[in-house]
Amino acid sequence: MTTYITTPIYYVNAQPHLGHAYTTIVADTYSRFRKVCGEDVRFQTGTDEHGDKIAEAALKEQVSPIEYANRISALYRESWPLLDIVPDNFIRTTDPNHIKTVQRVLQQVYDQGDIYFGEYSGLYCKGCERFLTEKELVDGNCPDHQRPPEKITEQNYFFRMSKYQQQLLDHIHAHPDFITPERYRNEVLSFLSEPLEDLCISRPISRLTWGISLPFDQNFVTYVWFDALINYLTGLDYPDGKLFHQYWPVAEHVIAKDILKPHAIYWPTMLLAMGLPLYQRLHVHGYWNVGETKMSKSIGNVVRPAELVAEYGVDTVRYFLLREMSFGLDASFSSAAIVTRQNSDLANDLGNLFSRSLAMLEKYTDATVPAPGAIEESDAVLRQTAVQMLSQYHESMGQFQFHRALQSVWDLISHANKYIVISEPWVLAKDPAQQPRLHAVLNNLVECLRLLTLVLRSVMPQTSRKMAAGLGLSADDPLIASFSHGAQWGLSTAGTRLQTTAALFPRMDKPGKESGAIAPTGTAVQKISSKKEKKKVAVAEVGVIEFAQFQQIDLRVAEVIAAERIVKSDRLLKLTVKAPETRTIVAGIAEYYPPEEMVGRQVLIVANLQPVEIMGVRSQGMVLAAKTEVAGEKRLVLTAVSGLVAPGSKVA
RNA sequence: GGCGAUGUAGCUCAGAUGGUUAGAGCAUACGGCUCAUAUCCGUAGUGUCCGGGGUUCAAUUCCCUGCAUCGCCA
């Protein structure tokens, strides 16, 4: 069996963020899973490097486009090892081989009459020197130049996409798995229920030079999709390479929902025009929000994978992303959530199971795997749970249901922890007559740990390696490296020497709570309920924080442009501020500052606080104020900088 | 404006072709164990299953409508 799995090629106008990392981790995990299943796998990722955005960015930095692309592309390539992502091929659209193949495909499609010369009209902004989409406009104006774009018409080349619409529809109907999850398949079908327009595939070189020139007209370069999508083929040395014949028939693409249309409509119609078989499956996932907000540059809440790895470790990040997101739906990232997963799932459940089992083996059997024994009912149930986990895991992984796969793995972990309590090995150990039973119990635990090592190998490679070492197995022992060899109960060899190992996962502290002289006035007062947390907060009040912790707080100057009381509240004002983007902040200052006094005032805000809804109003930040007392009366005094500054200025 | 999705415990979500006590994890409270990373195990809860109307012996589940959030399209 063979597998070809790809991520999109990432556009080099931005640095890798959480979304890129997720897509690529998914592809890597799937690739590893298929390899564990004994398949011949090819996993490809890469970068998309043409287009006017890149040319512009390069100009700003006063370097050539290719120099710019080289630099950003390297950021991607170098990010993946940090996440234990191991692609078999990293493709760049500036590779000579790719360019040659794109031109060859264009020529073929042109020769057969599926590309024609026509007119294109759109909204063009002279300031930006590019077409804007309706979506980009703010009040009908270009967001950057504050003026309306012109409707202009220019000559361009078009791909006859409409010609293949029916064929594509038929294919989707005949192949229910072609686009998954189903919601995206439905979206595509609904889109295809309307007539398709043909696809504009060129830009005149008067406006865009940084691209692949059309082989049949040197005055034009290829625009986006005919360049980008073909990477999936050029990475296989299409048309002549051996790789192509081997892997293309089993191609599977992973994408985020924003590029559904190009992958579900443009790409298959292109393949039909080229006379090639379509890919097998398209797997579409949702977005990662940060807290409850979209991740975006302008909000400044972009999550960088390298920083996550530095803080939490690779395996925690991989586990968290795969476990927390239901594949296909949006999910929410927060440091509180990742710490909770790390502590409860990884440290307490898995780490502690591993640690307590090995400790008992060391104590009671001198760190060797004991022989199995007579099977009691609890043993049979444990075994059944394990076998069931293996089949559910296998099925879910194959369907990209990573969260379900991991859920079933954790069912076994939880069951094994209960099994220990029921079996009470420490009681058995006190009675020499019970030694066979003790050994049987411990042998069953070794089996559980071995199977866990096997199934976690694709998801958390490092942890799996540590577990294998603890079990006295080499990293590529078929018992933990091959599903077909190892995925059965009862294969551990009695007498195998076990190794003492360090804890798999440390427990982490919950993310910090602010306190001190500057008091929160608006947003959520963090709920501090458990005794443990209360204790920690008490310490934090007099404690010091690292500079790096301080740096995580995005303090800015914001200008209040509107203020109103929130009905039904004596304390709350709803402020509209510029920072520099417009946002709404609810502040608990109404007793001290009437709304009319607020307008025009500049205040300090925490800009990267997780938004919350207060009295039905969404608050995107927190206004800082000092608490004080004058003549025994409580007062609140707003913070500000001593002179007027541009709204949005950073405070540090 | 058109089409669609979602709205379930404090939080994140699962689920039932309509039928007795609606589930899991986290969080909370109490109890137990001591092999273990102050871990683990057990018990206890709370839910107008978004609002309103309809169909039905019976609706959280089906239909209509409203509200909220999100997505696709224009």
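Predicted model: local features only at pLDDT ≥ 70, side-chain atom pairs only at ≥ 80, totals over all residues.
Trainee: How many helices and strands does the secondary structure of chain A come to?
Mentor: Chain A has 652 residues, and buried residues make up 52% of them. Among its contacts with a separation of 6 or more, 74% are between residues 24 or more positions apart. The secondary structure of this chain comes to 23 helices and 24 strands.

Trainee: Is helix H1 largely enclosed or largely open, and why?
Mentor: Helix H1 covers residues 18-36 and reaches 26 Å from its first C-alpha to its last, close to the 27 Å expected at 1.5 Å a residue. A residue counts as buried under 20% relative accessible area. Of the 19 residues of H1, 18 are buried, so the rest of the structure leaves this helix largely enclosed.

Trainee: Which residue follows H1 with a positive phi, and which takes a positive phi just after H15?
Mentor: Helix H15, residues 402-423, has 22 residues and spans 32 Å between its end C-alpha atoms, close to the expected 32 Å. Just after H15 comes a residue with a positive phi of about 45°, Glu 424. After H1, the residue with a positive phi, near 90°, is Gly 38.

Trainee: Which strands stand at the edges of the open sheet of six strands?
Mentor: The order of this sheet is E3-E2-E1-E12-E13-E7, with parallel pairing. An edge strand has a single partner strand, so one side of it is left without a neighbour in the sheet. The strands in this position are E3 (89-92) and E7 (179-180).

Trainee: Which residue in E3 does Thr 45 stand opposite?
Mentor: Strand E2, residues 40-48, runs parallel to E3, and four bridges join the two. Thr 45 has its opposite residue in E3, namely Phe 90.

Trainee: Are the faces of strand E13 covered or uncovered?
Mentor: Strand E13 comprises residues 281-285, and five of its five residues are buried. In a regular strand the side chains alternate between the two faces of the sheet. On one side of E13 lie Arg 281, His 283 and His 285, and on the other Leu 282 and Val 284. As these are all buried, both faces of E13 are covered.

Trainee: What is the bridge partner of Val 254 in E13, and what is that of Ile 179?
Mentor: Strand E12, residues 251-256, pairs with E13 in the parallel sense over five bridges. E7 also runs parallel to E13, and two bridges join them. In E13, the bridge partner of Ile 179 is Leu 282, and the bridge partner of Val 254 is His 283.

Trainee: Which are the edge strands of the open sheet of three strands?
Mentor: The order of this sheet is E9-E11-E10, with antiparallel pairing. Two bridges join E10 to E11, and Ser 213 stands opposite Val 221 in E11. The strands that pair on one side only are E9 (202-204) and E10.

Trainee: Where is Pro 215 found, and with which residues is it in contact beyond its neighbours within four places in sequence?
Mentor: Pro 215 is found in the loop between strand E10 (213-214) and strand E11 (217-222). Its relative accessible area is 28%, so it is partly exposed. Pro 215 and Ser 202 are 13 residues apart in sequence and 12 Å apart in space, C-alpha to C-alpha. Leaving aside neighbours within four places, the residues in contact with Pro 215 are Gln 103, Leu 106 and Gln 107.

Trainee: Does Ser 396 count as buried or exposed?
Mentor: Ser 396 has its place in helix H14, residues 377-398. Leaving aside its neighbours within four places in sequence, Ser 396 is in contact with Gln 401, Arg 404 and Ala 405. Its relative accessibility is 10%, and therefore Ser 396 counts as buried.

Trainee: What is the volume of the largest cavity?
Mentor: The structure holds one cavity of 30 Å³ or more. The lining of the largest cavity includes Val 369, Arg 450 and Thr 496. By class, this lining has five nonpolar, three polar and one charged residues. The volume of the largest cavity is about 60 Å³.

Conventions
Residues numbered from 1 in each chain as written. Chains lettered and ligands numbered in written order. Heavy atoms only, no water. 1 Å grid on protein atoms, 1.4 Å probe; cavity = no way out; pocket = protein on both sides within 12 Å on 5 of 7 lines; lining within 4 Å. Points joined across faces, edges and corners; volume = space filled by probe spheres on them. Nonpolar A, V, L, I, M, F, W, Y, C, P; charged D, E, K, R; others polar. Expected span 1.5 Å × (residues − 1). Buried < 20%, exposed > 50% of the residue type's maximum accessible area, 1.4 Å probe, protein only. Contact = heavy atoms within 4.5 Å. Pairing = 2+ DSSP bridges.
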